[in-house]
12 protein chains.
Amino acid sequence: MEHHVYKKVDIVGTAEESIEAAIAAGVERASATLNHVDWFEVKEIRGAVRGGKVAQYQVVMQVGFRLED
Amino acid sequence: MEHHVYKKVDIVGTAEESIEAAIAAGVERASATLNHVDWFEVKEIRGAVRGGKVAQYQVVMQVGFRLED
Amino acid sequence: MEHHVYKKVDIVGTAEESIEAAIAAGVERASATLNHVDWFEVKEIRGAVRGGKVAQYQVVMQVGFRLED
Amino acid sequence: MEHHVYKKVDIVGTAEESIEAAIAAGVERASATLNHVDWFEVKEIRGAVRGGKVAQYQVVMQVGFRLED
Amino acid sequence: MEHHVYKKVDIVGTAEESIEAAIAAGVERASATLNHVDWFEVKEIRGAVRGGKVAQYQVVMQVGFRLED
Amino acid sequence: MEHHVYKKVDIVGTAEESIEAAIAAGVERASATLNHVDWFEVKEIRGAVRGGKVAQYQVVMQVGFRLED
Amino acid sequence: MEHHVYKKVDIVGTAEESIEAAIAAGVERASATLNHVDWFEVKEIRGAVRGGKVAQYQVVMQVGFRLED
Amino acid sequence: MEHHVYKKVDIVGTAEESIEAAIAAGVERASATLNHVDWFEVKEIRGAVRGGKVAQYQVVMQVGFRLED
Amino acid sequence: MEHHVYKKVDIVGTAEESIEAAIAAGVERASATLNHVDWFEVKEIRGAVRGGKVAQYQVVMQVGFRLED
Amino acid sequence: MEHHVYKKVDIVGTAEESIEAAIAAGVERASATLNHVDWFEVKEIRGAVRGGKVAQYQVVMQVGFRLED
Amino acid sequence: MEHHVYKKVDIVGTAEESIEAAIAAGVERASATLNHVDWFEVKEIRGAVRGGKVAQYQVVMQVGFRLED
Amino acid sequence: MEHHVYKKVDIVGTAEESIEAAIAAGVERASATLNHVDWFEVKEIRGAVRGGKVAQYQVVMQVGFRLED
C-alpha cells in the first residue's frame, strides 16, 4: 500500500438541471487545474428559486487530490 | 446593496421519482403561499421503502424568502 | 398505534449514474437479507473521480427495519 | 403512497413535572392552531432551577404537520 | 482492567407512556437476542401525534454489548 | 414560575455597518409583526463582499416569542 | 436589565428511576456547593443495562449559575 | 517549546452595547479569580429582547488559562 | 470501476498501551467474524483512569466491509 | 441565471478592536491575491487575552470567490 | 448499582512525543488536584509546528471524576 | 501583539505505523511548499484494513500558516 499525501479544496458547483450536474460542474472545473483528482465529498446542497421554481442547484463539496511527492 | 430581512421556513417535500422532484414539490408548495421565495437549503434526505424499493424521497429543507419592508 | 422496535444498519450504496441509483443499490441489497425494511436516512454523499469525471456515487445511509416481536 | 408536503415549526413547551409534560404542552398548543399535526422531534432539553430544585422543564422541539394541497 | 471489544447497534424503541418506556422497550428487545448488553446512548427523541396528543414516543439509541473473545 | 409555550422563527437580518446592526434589523422586523418577542439565538454569521470590502453582514438567527395561551 | 456574568459546569447526574430523577440528582448536588444555580442544559442521555433492564440513567448536563460581582 | 497543561471554563458574559462588550465582561470577570488567562473561544451568541429592541447580548464562551505546574 | 454495497458496524476497541492498539483490537476482532473488512473511521477516543494514570484507551469506530453480491 | 463554479478558502483574520475588524482584515487580505471575492462565512470566533483584557479577536472564516471559466 | 454524581472539567494536555503523552500530561495534572478521576473523553487533537515538524501535540479533553456525596 | 492573517488548508496525511506518523507526513509535505506553517488541527482519523490488520492510518487535518503581509 502506498502512503501518499492528499489535499482537499472546497468547491461550489452549480447547475440548472440536477444535483449531479452541479457536482459534475464542480469536479470538472477543479480537474481542469488540478492533477490526480480522486474523490469528492458533498458538504451542503442548496439552490436558488426564481418564480416559484428551482432555478439553480448549488452543491458545496470538498474535492480531494493526491499531491505529487 | 439593499439590506432586507429574510425569513426561513422548514418544509418537507416528497416525491416518488427523485430527490430533485421532492425539492421541487416543497419549493413550489411554499411559493404558493409565500412571496419572494429566493433560495432553499437541504437539511436532510430520507425516504420510505416498500417491497425492497424506494417508494418516496423525503427532503427536509429550509426555504428562504424576503420579508416586505 | 402499534409500538414496535426497529433497528437501523449503516449501508453504503454505490452506482455510476446518480445519487438515487446508489441509494437504490443500498436499499435493495439490504432488503435481500432483512425483512420489513421501512425507511432510509442519507448520512453522507461522496464519490470517486476518474479522468476528471464522476466515476461513482457513494451514499452512506441508515436503513431502518422493524424487528419481529 | 401519497406524496404530501409538510412544514415544521420550532416550539418550546414548558412544564413543572416532567419532560413528557413539557412536550405535551408544546404539542397541544401547536395543535390548537395547526391542522394535521403529525410528529415532533426533540432538539434540546433544558430547564430552570430555583432553590436548588428543577422548577421548570423546557423542551425545544420541531412539530411537523401536513400542508393542505 | 480487562480489555474487551464492544459493539453498538442502533435501535429505535417506541412506547405510548413515556421516554423511559420507549428506552426500556428497545433495551429489552435488544437483550432478547444479544448477550452482555451493557449500556445505551440516546441519539434522538421524537414521536407521533394523533388528535393533538402525543401518541407514541420514539427513542433512537445505540445499545452497546461486549463481544465474546 | 409560569409555564408558557414559545415559538421560534428563523430570521436573516442584514446591515452594512456591523453584526449588531444586522441582529437589530432582524429583531426589529420580527417584532413588527410578532407580539412578546423575548430572545434571539445567532445561528450563522456571513456576509457579502464587494470590491474587496465587506458590503453586508448577514446574521441568521432564531427569534423566540411567547405564544398567547 | 442587569448584566451579570454566569458560569456553567458539566455535571453527570445518575438515578435508577427516570431521566428526571437523574437530572434532579445532578442539579441538587451542584446546588449544594454553588450559589445562584439558575438553569441546566441536557447534553447527553445514556445509561447502564444489567440483566436486560435499564439499571441506571446517566444525564450529562451543563448547570449554569450567576457569579457574584 | 514549553509543555504546559491548560484548563477551560464555560463563562457567559453579558452586556447591553455589543458582542465585544459581552466578551469583555466575561473575560474580565474570569480573570479576576483565575491566573494566566490566555484565550477565549465563542460558543454561542444570543440575547434578550425587550420592546422590540436588543436589550442584552449574551455570549457563551470558553476561557482558557494555564495551570501552574 | 466496480459498484459494490458496503456495510459499517460500530465497534469499540480497547487497549492499555495506545490508541493504535485499541484500534487494532477492534479491527482484528471485527475481522474474525466479517469478511472483506476494508476500512475504519474513528468516531470517539476516550478512556479509563485509575490511580491518576490512563488505564485503558477506548476507541469507538466504524468498521466498513464489502457485502457479497 | 449564470452557472459558475466557486471556491472557498479558510482564512483567519485578526484585529485588536472588534470582530468586524478581524473579518475585514481577512477579507481584504484574501482579496489582495484573489479575484471575484464574493462572500464570507464565519466559522469560529476566538481571541487572545493579555492582562485580563481581550488583546486580539481571531475570526476563522471561509471566503468564497468565483472561478474564471 | 450505586448512583453517584460526576463532574467533568475541560483540560488541554500538551506533549512533544505523542498524542498519548499529551493525554497523560492532562490526566496526571488533573489528578494532582482532583480526587476520584475516573475517565477522559478526547474532544480535539491539534498541535504546533516549528520548522516543518510537529513541535507539540495539544489534546483538548474532558476529564470526569466522581463527586463526594 | 501582532495582527496577522492566516490561511488553513485541508491535508490528508497517511502512514503505516501510527497516527502521529500520518500527521507528520501531512505536516512535512505541506511545509515543503508553504512558508510559516504554524499549527494543525485533526479533523478525522480513519484508515485502510488489509488481511484483518490496519494497513494505513489516514489523518484529515487542517494545516494553518501565516500569510505574508
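**Strand pairing and chain interfaces in the predicted assembly**

Strands β1(A) and β3(A) pair in the antiparallel sense over ten bridges; two strands are taken to pair if DSSP finds at least two bridges between them. The model is predicted, so local features need pLDDT of at least 70 and side-chain atom pairs count only at pLDDT 80 or more, whereas totals for chains, interfaces and linings use all residues. Residues are numbered from 1 along each chain as its sequence is written, chains are lettered from A and ligands numbered from 1 in the order in which they are written, and side-chain values use heavy atoms, with hydrogens and water left out. Helices (H or I, at least four residues) and strands (E, at least two) are DSSP runs, numbered from the N terminus.

Within chain A, the bridge partner of K7(A) in β3(A) is F65(A). Strand β1 of chain A, which spans residues 6–15, is mostly covered, with nine of its ten residues buried. Here buried denotes under 20% relative accessible area, exposed over 50%, and partly exposed in between (1.4 Å probe, protein chains only). Strand β1(A) also takes part in pairing beyond its own chain. Three bridges join β1(A) to strand β1 (residues 6–15) of chain L, and the two run antiparallel; K8(A) has D10(L) as its bridge partner in β1(L). Strand β1 (residues 6–15) of chain J is likewise joined to β1(A) by three bridges in the antiparallel sense, and in β1(J) the bridge partner of I11(A) is K7(J).

The interface of chain A and chain B was examined next. In this interface, 15 residues of chain A are in contact (heavy atoms within 4.5 Å) with 13 residues of chain B. The two chains bury about 1,100 Å² between them, 59% of it on carbon and sulfur atoms; buried area is the accessible area (1.4 Å probe) that two parts lose on being put together, summed over both. Of the area that chain A buries against chain B, I45(A), R46(A) and V49(A) supply 41%, more than any other three residues.

Two salt bridges are found across the interface of chain A and chain B, a salt bridge being a side-chain nitrogen of Lys or Arg within 4 Å of a carboxyl oxygen of Asp or Glu. R50(A) forms a salt bridge with D38(B), with the closest N and O atoms 3.1 Å apart. On the side of chain A that touches chain B, α1 (19–33), β2 (37–50) and β3 (53–66) of chain A each supply at least two residues, and β2(A) gives the most, with six residues. By class, that side of chain A divides into six nonpolar, four polar and five charged residues, where Ala, Val, Leu, Ile, Met, Phe, Trp, Tyr, Cys and Pro count as nonpolar, Asp, Glu, Lys and Arg as charged, and the others, Gly among them, as polar. Three bridges join β2(A) to strand β2 (residues 37–50) of chain B in the antiparallel sense, and W39(B) is the bridge partner of A48(A) in β2(B).

For chain K and chain I, 13 residues of chain K are in contact with 15 residues of chain I. The area buried between them is about 1,100 Å², and carbon and sulfur atoms give 59% of this. Two salt bridges are counted between chain K and chain I; R50(I) forms a salt bridge with D38(K), the closest N and O atoms lying 3.1 Å apart. The side of chain K that touches chain I draws at least two residues from each of α1 (19–33) and β2 (37–50) of chain K. On that side, β2(K) gives the most, with seven residues, and the composition by class is eight nonpolar, one polar and four charged residues. Strand β2 (residues 37–50) of chain I is joined to β2(K) by three bridges, in an antiparallel arrangement; in β2(K), F40(K) is the bridge partner of G47(I).

In chain E, E41(E) lies in strand β2 (residues 37–50) and is buried, with a relative accessible area of 6%. The side chain of E41(E) makes a polar contact with the side chain of K8(E) at 3.2 Å. Not counting residues up to four places away in sequence, E41(E) touches K8(E), V60(E), M61(E), Q62(E), I45(G) and R46(G).

How values were computed:
Polar contact = N/O pair within 3.5 Å; in protein donor to acceptor, adjacent residues only side chain to side chain.
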